[in-house]
Amino acid sequence: MSDPELGNGLAAQTTVTVADFARIFRRIQSEIHKAIVGHEQAIEELLSALFAGGHVLIEGVPGTGKTTLVKSLGQALNLSFNRVQFTVDLMPADITGTRVILSGADGRREFSFQPGPIFCHILLGDEINRATPKTQSALLEAMAERQVTAGGVTYPLAPPYFVMATLNPIEMEGTYPLPEAQLDRFLFKVRLGYPGEEELVRIISATTGAPESPVEPVFAAVEAAGAIEQLKRLVREVIVAPRIEHYAARLVRATQPENSRVLGDLHSPIKVDAVTRYVSFGSSPRGAQALILGAKVRALLDGRANIAYEDIDRVAPAALEHRIMLNYAAHTDNVDAARIVEEAVKAVQAARR
Amino acid sequence: MAENRREEQKLWLILFQIKAIRTRLNLLAIQFWLFTTLAVLIGAAGLIYLAAIALNPLLFLTIAILVGIFALAATVRIVRAALRQAANPGRAAAVADHRADLKGRLATVLALAEAPPASSLWPYLVEDTYTLRHKFEPSKVEPRWVSRSIFAPAAVLVMITAVLLAMKYHRSDPAFTADGPPTEVTADLGNLEISPADPSHPANARVYADPATLRQLEAKLAQAEKEDASRNSIARWMNKARQLAGSLQDQVTGQTPGAIPPLALKLQGAKTPPGGADSGPAPRAGDQAGNHPDSASIMPPENPGDGVPAAGGDQRPPITIPPEDPDRLAQNGLPSMPGDNSTGSPEDLGGAKVGSGYASEAGSNHSAGADPEHLFGAPTAEPLGSDSFKLSVDARPIDEASSGGAPAYLPPKVRVPLNSQQWPDEPLARTSVPFDDRPTVKRVFER
């Protein structure tokens, strides 16, 4: 049951307007909220990453709806969806696929590639930090290149390709923290916290009573991929003024301890003390890309064709937190990356005035 | 094609509105600079003028320097603030974006107007911004044409005027304003602080005294020159600074030092202080009982005009500081005070002494003239004017504010009738010392 006024026929349109984007985005949000109570910001960041063409790392304690969120997203988008539960004995071929010997009707045997669960539109890697680094890195090529190489043959992944990996911040024993290179490939890191009391009451009533209305797809199955790709192209069209690009660049540099002197519009140096003290490695250039792409989605949602400073500030935590490596002093002083990003944003905000 | 032209027209209108906003912001920045600088300059000038009127030269000089530095620093800061307020097109667009809540639309359009990006959303951005043009009209972005800083110079002017009026009200000294500065002063040499004359100051006083007093004056002057020579350089610089400040005060307050009438100074013999007359600087007049500090301030005020005509033309009331040898002064032809009924006789002068507020000097000055050489034998009559000579006396007032244009306080002349237990002071009759007592008396007075 797709909405003819929204998703259907969108792929056939020559142009998608800013209003279309905002309308479809809100519609997907509302569908997901049929299954997920609360987590408005998390859902918005998740969809922003989808339309920005990135992948999302979801961090949350057990039972906060990580898997339900991803499943409902797949249902709302009417895209193919696979879920892989990462365990310590999971092998790369288990997710990418492998060549197997098949016997033909004529009795001949030949190798044939059997695609793994990675071949889908939306992939949920549950508790990705439980797999070995070897298996984790199997996702690297798929996430970055959107292709899988097996047996010397490269297999492209059908767009839109969207990876959502979940991290369980507790039960760290026997886990393999994601390497920085892999963390950097996630556009956003979304935190799912505990629900509030009202939200918890709604969760109880929604999950222990009669099933409520199911999540309805926003797009028709045949058009979904095309429509989403068109919306992703629209995001890329959003106009960025040079000063905004400089602002994003300054913000990223502000997270780097060796570059924590931020030059503002008035060329007044500002030192971010927290970065100098607590950060080992700051954000990579991918952080700046994430800032701009996320801000573009925010601008479209606001009905604008241009990015404002506020858009950058809004997406900065999700785009930069997982790209900042803290040192031991930060752990000792109980300082997290969220505070570092907050201080960097404040410093750059002050410099832009 | 037509659509492109329409888009260009809309873009031009947007840019024109940004330009209008910029003009208005810059106008306000210029006004801010102008009015605030004016306020600072007026305030500084007013403070310096008030300091010139009310403070002594050194304090005035200090305040003037501080005010000057402050005004200079404030002016620099104002210029910087005005430059910060001044708007280039980018800043004007940013200000309009902020105040009209346009989320960077104007700044983006302005930044990319020269070379529009090849984005399909560029026409949308122009159209979107154009439809919001009512929100960034110059009158809405910046409603004011006149900067609020215009109130600053007005407020400063009002404050300074109020202070000046208050000072004028409090300075209504009837004795001074009625009589003007004195031209004749009688002073006790012991109460004078004498320093070598400044060569730049012309001689403007005639000194009358008996030969002994003149000799004491000479000795005191020599001592002062000797002390002055031994002073360190800081003291000399302080003197120069004081003189500089004084002349600056004269200029600020509009005084003309050349118009000071010549002073007739009648000196009396110095009271011998316990340590001797020449053993150190003269005691400050205010330190002596019954002496008002101004009683020893014989330098005439340098503001003879001061908007108040002197009573009786050029004749100014003489000041007696403190008269303790009336018969000597009488011999020197002390002119009587205007309005005074005395005839200049010793008795009259003695009566004036009682009535002039210096009666207490009679007791404290009993040793004046106790020169051992004069103790024995009758005083010789001095011919009038025979031993007078002209010399430059740099007599400094104790209250230095008086030289800065502020009139010295002169106590009003009050005549208090004597009661039945009081008698007017009369000079002691001279008599010869018994022969046996002479060595004792001589030893006592030579000690």
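The points cover conventions, strand pairing, a helix crossing and the chain contact.

1. The model is predicted, so local features need pLDDT of at least 70 and side-chain atom pairs count only at pLDDT 80 or more, while totals for chains, interfaces and linings use all residues. Residues are numbered from 1 along each chain as its sequence is written, and chains are lettered from A and ligands numbered from 1 in the order in which they are written.

2. Strand 5 (residues 122-126) of chain A has 4 of its 5 residues buried (20 or more other C-beta atoms within 10 Å of the residue's own, with C-beta atoms placed from the backbone) and is therefore largely enclosed by the rest of the structure. Strand 2 (residues 81-85) of chain A runs parallel to strand 5 of chain A and is joined to it by 5 bridges, with Asn82(A) opposite Leu123(A). Strand 8 (residues 162-167) of chain A also pairs with strand 5 of chain A in the parallel sense, over 4 bridges (pairing needs at least two DSSP bridges), and here Ile122(A) stands opposite Phe162(A).

3. The axes of helix 2 (residues 40-52) and helix 11 (residues 285-301) of chain A come within 9 Å and cross at roughly 110 degrees, and these helices are therefore roughly perpendicular (65 to 115 degrees) to each other. Helix 2 of chain A contributes Ser48(A), Phe51(A) and Ala52(A) to the contact (C-beta atoms, placed from the backbone, within 7 Å).

4. Between the chains, 16 residues of chain A are in contact with 15 residues of chain B. Helix 9 (242-254) and helix 12 (309-320) of chain A are the elements giving two or more residues to the chain A side.

Note on methods
Contact = placed C-beta atoms within 7 Å. Axes fitted to C-alpha atoms, helices over the stretch in contact; angles between N-to-C directions. Parallel < 35°, antiparallel > 145°, perpendicular 65-115°, else oblique. Buried ≥ 20, exposed ≤ 12 C-beta atoms within 10 Å, placed from the backbone.
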